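Hi,

Here is the model we talked about handing over.

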Amino acid sequence: LAYAEARRSAEDIGPGSVVLLASALTFDPYQGDVVAALGQGGGAALAVPPRAALLADPLATAAACGATHMCATPAVVGGADLGEAPASLRVLSLGGERMSHALLARWWAAPVSARAELRNVYGVTECCVYQTAAVMTPGCDPRCIGQRLACCDVDMRCSSGKLARAPFASA
């Protein structure tokens with residue numbers, strides 16, 4: 001439940017929010033989206049689109065659902081026309097694989113960037129969904145993993161065992 005509260009707080013998920021379940025059911029960010037939307041008084045609605053429709057046109061699917069929040073991999077939205085992002089979209093979180101410079105450039109060139117927040121999320125998803133998030137800003141390095149969610153402690157170490165410095169941005 002600490003994860004749900006931290007995620008709701010970081011992304012402003014609450015009553016009136018519509019969280020699009022864009023991850024595959026077997027990928028734990030899917031369960032993270034469910035818990036963040038519904039857990040402990042979240043009050044948000046869930047949108048569960050047909051998987052084929054989501055993969056064919058993720059932003060049209062988000063528009064049809066009235067999605068305010070969407071968490072997916074960069075590959076899912078990578079080929080989408082960002083100019084078609086729904087007016088309802090407030091937060092697009094991308095994780096599970098590396099965000100590219102090309103995707104960031106397309107985001108900043110699209111009108112959606114003026115009204116929605118792009119977040120680079122990172123974590124050991126096999127253990128506990130995502131642990132960090134970076135709000136992407138123009139010129140931000142796509143390797144920025146951001147700050148830890150309030151429920152997480154994050155230490156990064158080099159293969160030598162020394163504490164590593166990572167590119168961080170604000171959460």
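Let me begin with a cysteine: Cys-140 is buried, at 13% relative accessible area (buried means under 20%, exposed over 50%, partly exposed in between, with a 1.4 Å probe and protein chains only). Before going on, the ground rules: this is a predicted model, where local features need pLDDT of at least 70 and side-chain atom pairs count only at pLDDT 80 or more, while totals for chains, interfaces and linings use all residues. Residues are numbered from 1 along each chain as its sequence is written, and side-chain values use heavy atoms, with hydrogens and water left out.

Back to the cysteines. There are zero disulfides in the structure, taking a disulfide as a pair of cysteine sulfur atoms within 2.5 Å. Cys-140 is in no disulfide, and its nearest cysteine sulfur, on Cys-144, sits 3.6 Å away. Cys-65, for its part, is partly exposed at 29%.

Next, helix 1, which covers residues 2-11. Helices (H or I, at least four residues) and strands (E, at least two) are DSSP runs, numbered from the N terminus. Its buried residues are Tyr-3, Ala-4, Ala-6, Arg-7, Arg-8 and Glu-11, and they pack against helix 2 (28-38), strand 3 (69-72), strand 4 (91-94) and strand 5 (117-122). Arg-8 has a relative accessibility of 6%, and its side chain reaches the backbone oxygen of Ala-36 at 3.3 Å. After the helix comes Asp-12, with a positive phi near 55 degrees.

The charged pairs are where I would look next. A search of the whole structure turns up six salt bridges, meaning a side-chain nitrogen of Lys or Arg within 4 Å of a carboxyl oxygen of Asp or Glu. Which residue does Arg-7 pair with at 2.9 Å? That is Glu-11, going by the closest N and O atoms. Both lie in helix 1, four residues apart, about one turn of the helix. Arg-7 is buried at 6%, and Glu-11 is buried at 6% too. Arg-7 also forms a salt bridge with Asp-33, at 2.5 Å from N to O. Asp-33 belongs to helix 2, so this pair ties together parts that are 26 residues apart in sequence. Asp-33 is buried, like Arg-7. Step back and you get a network of salt bridges linking Arg-7, Glu-11, Asp-33, Glu-117 and Arg-119.

Elsewhere, Arg-143 and Asp-141 meet in a salt bridge at 2.6 Å, N to O. Here Arg-143 is partly exposed at 46%, and Asp-141 is partly exposed at 23%.

Last, the nonpolar cores, each a set of buried Ala, Val, Leu, Ile, Met, Phe, Trp, Tyr and Cys residues joined through side-chain atoms within 4.5 Å. The largest has 30 residues, and Leu-20, Met-70, Leu-92, Leu-94 and Leu-118 have the most contacts inside it. At least two residues each come from strand 1 (18-20), helix 4 (58-65), strand 3, helix 5 (74-78), strand 4 and helix 6 (101-109). Helix 6 gives the largest share, three residues. Leaving aside residues up to four places away in sequence, Leu-92 touches Met-70, Val-77, Trp-107, Glu-117, Leu-118 and Arg-119 (contact means heavy atoms within 4.5 Å). Apart from that core lies another, of nine residues, among them Tyr-3, Cys-71, Val-129 and Ala-133.

Cheers

How values were computed:
A polar contact is a pair of N or O atoms within 3.5 Å; within protein, one must be able to donate a hydrogen and the other to accept it, and residues adjacent in sequence count only if both atoms are side-chain atoms.
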